[in-house]
Each structure stands twice: as C-alpha cells, then as structure tokens.
Amino acid sequence: MNGALGICLQGAHPDLIEETRYDSNLAKKIHDVNVKVETYKTRLDSHPEFHPNHTKECSVNVSSSYSHRKDESQIDNFIQGEELATEISLQCGGCRCNKCPTVGHTYSFKEEQELKLIQENLEYDEVNQCWITSYPWLVDPQSLPDNYHTALATLERTERTLKKDDQWAKTYKSQMNDMVDRCVARKLSSEEVKSWTGPVFCISRLAVVNPHSNSTPVRIVFNSSQTHKGVSLNACLAKGPDSYMNNLVGILLRWREERVALIGDI
C-alpha cells in the first residue's frame with residue numbers, strides 16, 4: 001500500500017512468525033497486572049488441512065493476567081494514546097446533528113458552507129501585499145438588536161473592579177492606549193455617533209486576571225459571546241470547521257515528518 005506517509009506492507013505469509021516475548025515486569029509497569037505463564041502440550045495434526053506435514057507435539061505458552069487495578073483511568077489513557085489516529089468513528093451523515101460529514105467529505109454540510117463563505121470574503125491586495133476580508137455574516141446585520149446599555153453596564157462593572165487595584169487600572173489603561181497608538185482602535189466623535197444609521201451592536205470588554213504574568217496582571221478580553229435579547233455576535237458569524245488549522249492528529253503527524261520542527265505564535 002502506497003500512501004501519503006510512504007509504503008507499507010500488508011498481508012500474511014507462512015514464513016512470517018510472531019515471536020514477541022511478553023515481559024511480565026513491563027506488563028506490570030504499564031497495566032499494573034501480574035502475568036502468569038503456563039505451558040501445555042498439543043498436537044499439530046488436529047488440523048491436517050493447515051499442517052499436512054507436521055504431526056509432532058509442541059508446547060504452547062498461555063498467558064493469563066490477574067491483579068487489582070489501582071487506577072482504571074491510567075489504563076484507559078494508555079489505550080487511547082496507543083490508538084491515536086488508528087480508530088475511525090463512523091458517522092452517518094444523515095442524523096441532522098449538523099456535525100456528521102456527508103459521504104466522501106471531511107466536513108459537515110454546515111461547516112463546508114461556512115468555510116466557503118469565509119474563503120469568498122478573502123481578497124488579496126497586491127499593492128500592500130496583505131489579505132483583506134469582511135465579516136462572514138450568517139444573518140443580516142440590520143437585524144442585530146442595539147445592546148448599548150448592556151455593554152455600558154458591563155463597562156461600569158469593569159471600572160468598579162479596576163478601581164480596587166491601582167496596578168490593574170494602570171495596566172488596563174496602558175493596553176487601551178496601545179491599541180489607540182497602533183491605530184487598531186479610535187474614539188468616535190459625537191457627530192459620528194449621531195449621524196450613524198447602520199446597525200449597532202457593542203462588544204463589551206472585560207478585565208481578566210492573568211496571575212502567571214508579572215507585567216500584565218490583567219488583560220483586556222473582548223466578550224463577543226455576551227448575549228442581548230438572545231443574540232450574540234459569535235452566533236451571527238460563521239466560524240468554519242472545528243479545528244480547521246489546528247487538528248491535533250495533523251499536528252502530531254507533521255511534527256514527526258522531518259528532522260527539525262519549528263513552532264511559532266501570532
């Protein structure tokens with residue numbers, strides 16, 4: 001068989017004999033079991049259609065295990081690790097769960113349509129050598145409810161939290177100023193707010209504690225999952241297939257393909 005990972009041999013041959021020896025200490029270490037080996041005598045002429053030229057006696061080792069398993073979860077984790085990328089969960093494609101892939105496809109119909117929408121919104125700017133995209137709306141943005149008062153209430157709660165710690169407040173403010181300096185955010189004038197006739201849906205900000213960092217004890221998080229009248233921004237945008245770029249099995253396979261592996265962060 002010749003595949004993406006190379007050539008492998010499949011089948012059976014009478015000259016290929018399994019001679020694996022089971023180490024009782026290894027079995028005890030991995031599975032927490034004790035292996036007892038017993039030898040029995042048998043004859044190979046009981047099935048002459050398989051062994052027409054052999055009628056001699058031979059010994060057969062039969063291994064049996066017995067133990068009190070201390071932790072079933074350890075054994076389950078070991079088995080799951082051994083079977084990684086070898087077992088396939090069959091999916092029907094017709095149970096209407098919107099997660100099963102259609103026949104011959106990796107993604108479900110919903111995931112394929114969302115991925116197509118995201119790709120169609122991409123446009124490459126050859127002059128500036130960058131990609132430009134727009135929001136992959138699943139609904140008409142005009143239907144979004146105005147959640148200004150909900151976002152304002154969240155902001156007031158965040159301010160009360162920051163006032164309790166000067167270090168948190170300074171860090172939070174510096175992060176906001178950094179976004180303004182990098183021109184990824186700006187303050188709207190009152191004229192702009194009054195003249196705007198399009199949809200309004202504000203994204204609230206949260207101060208999330210980051211105990212593992214001394215320089216940034218808190219960080220800004222934009223809460224796009226906050227709901228207002230049963231609507232959240234995340235629910236209105238296409239997200240595409242689950243783990244589109246970060247499939248765990250794919251990462252492990254690519255990690256082992258070459259001699260040197262490089263990692264990075266965005």
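Predicted model: local features only at pLDDT ≥ 70, side-chain atom pairs only at ≥ 80, totals over all residues.
A word on ground rules: local features need a pLDDT of at least 70, side-chain atom pairs count only at pLDDT 80 or more, and totals for chains, interfaces and linings use all residues. Residues are numbered from 1 along each chain as its sequence is written, and side-chain values use heavy atoms, with hydrogens and water left out.

**Salt bridges**

Take a salt bridge as a side-chain nitrogen of Lys or Arg within 4 Å of a carboxyl oxygen of Asp or Glu. By that rule the count is 2, and here they are.

| Salt bridge | Closest N to O |
|---|---|
| Arg-182 with Asp-178 | 2.9 Å |

How open are the partners? The labels go by relative accessible area: buried is under 20%, exposed is over 50%, and partly exposed is in between, using a 1.4 Å probe and protein chains only. Asp-178 is partly exposed at 35%, and so is Glu-192 at 31%. Arg-186, at 58%, counts as exposed.

**The largest pocket**

Arg-186 turns up again here. A pocket is found on a 1 Å grid over the protein atoms alone, as an open set of points where a 1.4 Å probe fits, with protein on both sides within 12 Å along at least five of seven lines; lining residues have an atom within 4 Å of a point. The largest pocket has a volume of about 1600 Å³, a volume being the space filled by probe spheres set on the points, with grid points joined across faces, edges and corners. It is lined by 30 residues, and the closest to its centre are Arg-186, Leu-188, Phe-201, Cys-202 and Ile-203.

Which elements each supply at least two residues of that lining? They are α4 (148-162), α5 (166-181), α6 (190-195) and β7 (204-209), with helices (H or I, at least four residues) and strands (E, at least two) taken as DSSP runs numbered from the N terminus. The biggest giver is α4, with 4 residues.

By type, the lining divides into 23 nonpolar, 2 polar and 5 charged residues. Here Ala, Val, Leu, Ile, Met, Phe, Trp, Tyr, Cys and Pro count as nonpolar, Asp, Glu, Lys and Arg as charged, and the others, Gly among them, as polar.

Phe-201 sits in the loop between α6 and β7 and is buried, at 17% relative accessibility.

**Loops and surface**

Most residues other than glycine have a negative phi. Gln-129 has a positive one, near 55 degrees. Gln-129 is in the loop between β5 (123-125) and β6 (130-132), and is exposed at 63%. Lys-229 also has a positive phi, about 55 degrees, without being a glycine. Lys-229 belongs to the loop between β8 (218-223) and α7 (248-255) and is exposed at 70%.

Ala-235 lies in the loop between β8 and α7 as well, and is exposed at 54%. Ala-235 and Leu-138 are 97 residues apart in sequence, yet 8.2 Å apart from C-alpha to C-alpha.

Finally, Leu-122, Tyr-124 and Trp-131 make a nonpolar surface patch with about 350 Å² of accessible area together. Of these, Trp-131 lies in strand β6 and is exposed at 58%.

Methods:
Patch = residues over 30% accessible without salt bridge, like charges linked within 9 Å, V, L, I, M, F, W, Y side chains within 5 Å. Areas by Shrake-Rupley, 256 points an atom, 1.4 Å probe, with all protein chains shown as cover.
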